[in-house]
Amino acid sequence: MIKTVATTPFEGQRPGTSGLRKKVPVFQTPHYVENFVQSVFDSLAGFAGKTLVLGGDGRYFNRETVQTVLKMAAASGFGRVVVGQGGILSTPAASHVIRKRGAFGGLILSASHNPGGPDGDFGIKYNIGNGGPAPEAITEAIFAHTRSIREYRIAEAPDCDLDRLGETSLAGMVVEVIDPVADYQALMETLFDFTAIRALFAGGFTMRFDAMSAVTGPYAHAILEGALGAAPGTVMNGTPLPDFGGHHPDPNLVHAKHLYDLAMSEAAPDLCAASDGDGDRNLIIGRGQFVTPSDSVAMLAANAHLAPGYAAGLAGIARSMPTSAAADRVAQALGIASFETPTGWKFFGNLLDAGLATICGEESAGTGSNHVREKDGLWAVLLWLNILAVRKQSVAEIVREHWARYGRNYYSRHDYEEVPADGANALMQALRDGLAALVGRHAIVAADDFAYHDPVDGSLSEHQGIRVLFGDGARIVYRLSGTGTAGATLRVYLERYEPDPSQHAIDTQAALAKLIVLAEELAGIARHTGRSAPSVIT
Ligand code: VG1
Ligand code: CO
């Protein structure tokens, strides 16, 4: 029944910022998935008879991989696998199911906001029992196993029916197919005032939520149009498609430009929102008012007490290093701790588990709280709705009042996608080598290669991005992406603090113009990458 298959290692199976991501044809290489999954299991101990949660964002190759993982989990001795119907679970929903069921861990199949389809991207991520992404010690152990793997074990059994709810048996292991939405929806109902949000919609509040043909469609239909009574048609692109309709399921101003255009038009609804491939990112645009993700974290934290789940207040606020300091100002005003972590949700897990932080956020459109251990797109949308229902103001009014009180952190990220890796690495190395010489020039007060000492477990994570800090609170940050699947992607993060309310209506790129010029001058971006302009500006 259990087959042991001889194999040889593949190069490059090191998990990045958020799991292993490669092109679909790479994952389709015989033994590629099996090698990685076996390496995950081999780096864990004590899961015999325990529960594994399994699901993905529905992209191309999701179903096939679910079947492979089920057979390998059975062969490795898991007692039960809880899998979302159709192989579907959004990333935050998977995190919740792991926690709710007290599972040993979970495997999430997704490449998030990367395109899908036969030539698109695929990914596998392991989450631990707290529901969050495996910390670096585990991902490095997994990588070490991928380099020495000689065999894997798999049950010889027919495929499971992923569409029928309920329990079946696979080589002695229980396979339990669950409704992917129900548990998640129930959790949201404990956090937010659904009665108040229902009244908001009943009073004529209008909204568009773009699920981008990705995983949040079923969740948004059930919660927004179902439980909350938003008008039919509120949810756009609400059916998950294996290739996301050929689109890039990234809720930013480039790939969701239609939503931005709608929000800025005469026909704008009160709120436009979107989520990404696996449902952990969010985009918020009020009528005539885009909210940068960094600002959104700060504004949600400042107003979270208006939602029942956070009425007792926040323990602390954590943000990734490149995320703007807007959230720090809120933490200061609330008299609570703020934390600055490396990029990627895995670094928030310890802070959340230890009760040090309640709300976490990243500039890349990820916000979440201690309700799960992942960022959560719909959660952010629901918290905004709850705040709007209580404050009875527009998004634009809330944003302007926030800036008037705390000042505005002008913020933008410039991405140079798929540039030659050699050039990108040389750029970073040259910056690193020249750090000390930067201080004193151009009013630079400090420059470093960001390293994080986890305050909970004491672990050290180095080389997490080059920070150039100016005396007035402005910053330039340079980092290489850890989620791409072709070449290298250079991210340049730009930030400037403006306390004066009379200066809060400047166009963002204009407000950052001097820093943009300096970012090129300090790093020689064009020289190293061959690009004279970023490919994506958010
Ligand atoms: C990007 C974002 C990071 C985010 C990560 C995973 O990583 O910058 O903030 O946590 O994607 O998000 P990188 O290494 O490419 O900069 V998702 O929604 O792709 O799981
Ligand atoms: Co995502």
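This is a predicted model: local features need pLDDT of at least 70, side-chain atom pairs count only at pLDDT 80 or more; totals for chains, interfaces and linings use all residues.
The backbone nitrogen of Val254 lies 2.9 Å from a polar atom in the side chain of Asn252, and that side chain also reaches the backbone nitrogen of His255, at 2.7 Å. Asn252 itself is found in the loop between strand S11 (235-236) and helix H9 (257-263). Because its relative accessible area is 10%, which is under 20%, Asn252 counts as buried. Leaving aside residues up to four places away in sequence, Asn252 touches Lys257, Leu283, Val536 and Thr538.

**Surroundings of ligand 1**

Ligand 1 is surrounded by 20 residues, of which the closest are Thr17, Ser112, Ser364, Thr483 and Arg491. Sorted by class, this shell comprises ten polar and ten charged residues, with no nonpolar residue. Among the polar contacts to oxygen atoms of ligand 1 are those in the following table.

| Residue | Part of the residue | Distance to an oxygen atom of ligand 1 |
|---|---|---|
| His113 | N or O atom in the side chain | 2.8 Å |
| Gly482 | polar backbone atom | 2.6 Å |
| Thr483 | N or O atom in the side chain | 2.5 Å |

**Aromatic pairs and charges over rings**

The structure holds 14 aromatic pairs. One of them joins Phe27 and Phe122 in an edge-to-face arrangement, with 5.1 Å from centre to centre and 80° between the planes. Since Phe27 lies in helix H1 (residues 24-27) and Phe122 in strand S6 (residues 121-128), the pair ties together parts that are 95 residues apart in sequence. Both Phe27 and Phe122 are buried, and the two residues belong to one aromatic cluster that is formed by Phe10, Phe27, Tyr32, Phe61 and Phe122.

The rings of Tyr310 and Trp379, whose centres are 6.2 Å apart, have their planes at 80°, so this pair too is edge-to-face. This pair links distant parts of the chain, 69 residues apart, with Tyr310 in the loop between helix H10 (293-303) and strand S15 (316-320) and Trp379 in helix H13 (residues 377-391). Tyr310 counts as buried at 2% relative accessibility, and Trp379 is likewise buried, with a relative accessible area of 0%.

Two arginines are placed over aromatic faces: Arg329 lies over the face of Tyr497, at 3.4 Å from the ring centre, and Arg408 lies over that of Trp403, at 3.9 Å from the ring centre.

Technical notes
Residues are numbered from 1 along each chain as its sequence is written. Chains are lettered from A and ligands numbered from 1 in the order in which they are written. Side-chain values use heavy atoms; hydrogens and water are left out. Helices (H or I, at least four residues) and strands (E, at least two) are DSSP runs, numbered from the N terminus. Buried means under 20% relative accessible area, exposed over 50%, partly exposed in between (1.4 Å probe, protein chains only). A polar contact is a pair of N or O atoms within 3.5 Å; within protein, one must be able to donate a hydrogen and the other to accept it, and residues adjacent in sequence count only if both atoms are side-chain atoms. Contact means heavy atoms within 4.5 Å. A residue is near a molecule or strand if one of its heavy atoms lies within 4 Å of it. Ala, Val, Leu, Ile, Met, Phe, Trp, Tyr, Cys and Pro count as nonpolar, Asp, Glu, Lys and Arg as charged, and the others, Gly among them, as polar. Rings of Phe, Tyr and Trp (its six-membered ring) pair if their centres lie within 6.5 Å; planes under 30 degrees apart count as stacked, over 60 as edge-to-face and the rest as tilted. A charge sits over a ring if NZ of Lys or CZ of Arg is within 6 Å of the ring centre and within 35 degrees of the ring normal.
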